[in-house]
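This briefing covers the arrangement of the chains and the fold within one of them. The sequence and structure come first.

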There are 2 protein chains.
Amino acid sequence: MITGGLGFIGSNLAIRLVQLGANVTVVDACIPGCGGNARNLDEVSNDIRVAPFDIGDSDNVRPLLKRVDVIFNLAGEVSHTHSMEHPARDLDINARSQLLFVHECARQLPGVRIVYTSTRQVYGRPEYLPVDEAHPVAPVDYNGVSKNAAGEYHLMLTRSGQLDAAILRLTNIYGPRLALNVPCQGVLSVFFMRLLLHLPIEIYGDGRQLRDPVYVDDAVEALLRTGAAAKLQSRIYNVGFPEALALGDVAETLCRIAGAAPPVYRPFPHELSKIDIGSFATDATRIRRELQWQPEVSLEDGAARTLRFFQERLSDYLDPAAGYPRCALPRAAGLDKAPAVA
Amino acid sequence: MITGGLGFIGSNLAIRLVQLGANVTVVDACIPGCGGNARNLDEVSNDIRVAPFDIGDSDNVRPLLKRVDVIFNLAGEVSHTHSMEHPARDLDINARSQLLFVHECARQLPGVRIVYTSTRQVYGRPEYLPVDEAHPVAPVDYNGVSKNAAGEYHLMLTRSGQLDAAILRLTNIYGPRLALNVPCQGVLSVFFMRLLLHLPIEIYGDGRQLRDPVYVDDAVEALLRTGAAAKLQSRIYNVGFPEALALGDVAETLCRIAGAAPPVYRPFPHELSKIDIGSFATDATRIRRELQWQPEVSLEDGAARTLRFFQERLSDYLDPAAGYPRCALPRAAGLDKAPAVA
């Protein structure tokens with residue numbers, strides 16, 4: 001089972017699992033703003049079951065859990081900016097639905113292996129580089145808090161013997177099926193979107209902040225190794241590229257591969273600076289040692305493959321006539337209403 | 001402002017603040033099961049404003065935030081057993097309403113001092129004793145996850161300059177106004193409730209697990225010092241008694257002070273053993289050094305004061321004719337429904 005299997009990483013994982021001969025069920029409610037796209041599974045649509053439910057909808061999820069061997073739990077909202085404007089929505093998607101889901105998994109499939117995709121954002125502004133798994137959790141946005149809480153639910157149920165969970169803390173991932181039409185999902189989807197719309201790439205600040213992007217096939221390999229390991233030595237694994245690059249250099253590389261003009265540098269927007277984490281570099285020693293994972297695809301290769309994919313299938317992801325994609329969520333909305341708690 | 005000010009610790013804090021001449025607003029929705037009791041504020045009811053709103057009800061909370069100097073944020077569900085049977089309710093109360101509340105505080109009162117009461121339960125089963133603030137967060141129940149997430153929201157908004165928050169991680173607190181009629185709130189309210197109903201105290205297991213109970217006036221003093229400090233050196237403070245005692249010895253002391261028969265030992269119930277944390281002892285060095293706090297009231301003194309209070313006012317807390325109080329929540333309910341997230 002793959003939750004969030006219509007999303008960017010989830011769909012790449014689903015296709016790979018079908019290629020490997022697995023029987024795959026995708027659970028994905030395609031919540032607006034989260035990046036799900038039904039076209040992502042076009043090439044395997046006859047070989048896969050897609051259940052259009054929220055993972056917190058226990059009555060509908062329960063029957064799907066029968067005969068599940070491994071759960072790849074990728075459903076969620078990854079946008080930091082969405083979380084700052086709609087904090088309760090972020091909590092509902094990332095923590096409340098996840099809580100209901102893992103609670104149901106523990107009841108129906110006690111001890112099941114479940115791999116949850118978290119984010120390096122839970123570390124916040126790094127106290128040191130590269131960041132290993134012992135680095136304090138100190139997020140600088142609501143999204144980091146809710147993603148971490150969901151991870152804690154997995155770990156708590158593992159400590160009490162009800163699940164066999166692992167958390168992957170992913171750095172920036174890029175590749176085919178990036179949600180180009182969700183510009184709030186991260187800097188790399190914006191870069192590729194702008195290249196494909198023939199717009200200049202814009203860098204906020206001096207572009208010297210470090211990033212360590214991983215190509216999606218490598219991220220999928222990390223998920224598979226974590227899901228398949230006979231016994232996990234650890235419960236939390238960082239996933240990032242061993243060598244970090246300046247974000248400006250990442251952008252220059254993408255522009256070069258795309259044959260586009262070099263990036264333009266802009267002042268850092270004030271509202272983003274509050275949740276900016278500065279430089280980030282991953283220490284992925286643990287997953288290399290324990291699961292023999294390391295990324296195989298260079299940025300040049302990965303960028304070329306990504307551009308090739310989207311050049312063939314751009315209309316599944318962007319409407320070039322419509323120009324720059326708009327955020328799926330209203331901006332600066334009033335605060336979400338509190339639910340009844342009784 | 002005191003959230004949860006109709007509860008056990010909140011009401012003791014409210015009464016002390018009125019005695020000190022403060023202008024106090026209590027926000028408390030008296031959610032069934034959380035231990036709020038309107039009788040708790042009887043002696044100050046003319047000197048205090050009580051707003052019967054959920055703290056996540058931003059429209060009603062917003063006007064109350066005008067001219068607030070310090071927020072003592074005690075609202076929440078503290079029952080571990082409630083959380084295991086109603087996990088989404090636990091998240092809604094402890095994380096969702098808290099998120100909406102701190103988000104509103106940050107908007108209306110940027111930089112305000114806010115003291116949030118968390119729990120030693122976030123540490124889970126201690127890896128070492130005594131437990132200092134550097135101990136890993138590793139809760140063994142849903143309640144520990146949601147309480148920790150609420151604390152993380154406070155800390156995140158403090159990191160980004162929007163609040164000036166501190167988290168107190170409280171050990172077992174006891175004293176006048178304990179929620180005797182909420183038997184799921186903790187071992188000490190059960191002990192006092194049974195003594196006052198002339199029932200034998202029951203100890204699960206051999207009674208050798210360590211606990212370090214703090215009398216409520218001392219906990220209130222810790223809250224006041226944290227709220228009043230000109231500048232906080234730290235953001236997380238443990239609050240516990242410097243010497244831990246075996247739980248059996250705590251019970252023996254209470255029985256002796258009450259003139260009751262000694263405790264009875266029972267096998268540990270299986271469903272509780274999964275969320276039992278074994279021995280706990282607090283390292284409260286940080287709050288002693290930085291805020292000069294240490295408990296003043298011995299267990300003997302505190303127990304005597306507690307029994308005296310309840311002997312005079314038992315009918316405000318328990319109906320002896322009704323016998324053992326029943327849990328306010330249905331047991332073993334089906335899983336809470338997921339909310340709409342769109």
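The model is predicted: local features need pLDDT of at least 70 and side-chain atom pairs count only at pLDDT 80 or more, while totals for chains, interfaces and linings use all residues. Residues are numbered from 1 along each chain as its sequence is written, and chains are lettered from A and ligands numbered from 1 in the order in which they are written.

- Of the contact residues of chain A, 100% recur in chain B, so the same surface serves both copies (contact: C-beta atoms, placed from the backbone, within 7 Å).

**Sheet of chain B**

- In chain B, 7 strands make an open sheet with parallel pairing, ordered S3-S2-S1-S4-S5-S6-S11 (strands are DSSP runs of E, at least two residues, and helices of H or I, at least four, numbered from the N terminus; a pair needs at least two DSSP bridges).
- Strands S3 (48-51) and S11 (236-239) of chain B stand at the edges with a single partner strand each, so one side of each has no neighbour in the sheet.
- S1 (residues 2-3) and S4 (residues 70-73) of chain B pair in the parallel sense over 2 bridges, and B:Thr3 stands opposite B:Asn73 in S4(B).

**Helices on the sheet**

- Helix H1 (residues 8-19) of chain B packs on the sheet and touches S1, S2 (24-27), S3, S4 and S5 (113-119) of chain B, its direction making about 165° with that of S2(B) (axes are lines fitted to C-alpha atoms, for helices over the stretch in contact, and angles run from 0 to 180 degrees between N-to-C directions).
- Helix H7 (residues 216-228) of chain B lies across S4, S5, S6 (164-170) and S11 of chain B, at about 160° to S6(B).

How values were computed. Two residues are in contact if their C-beta atoms, placed from the backbone, lie within 7 Å.
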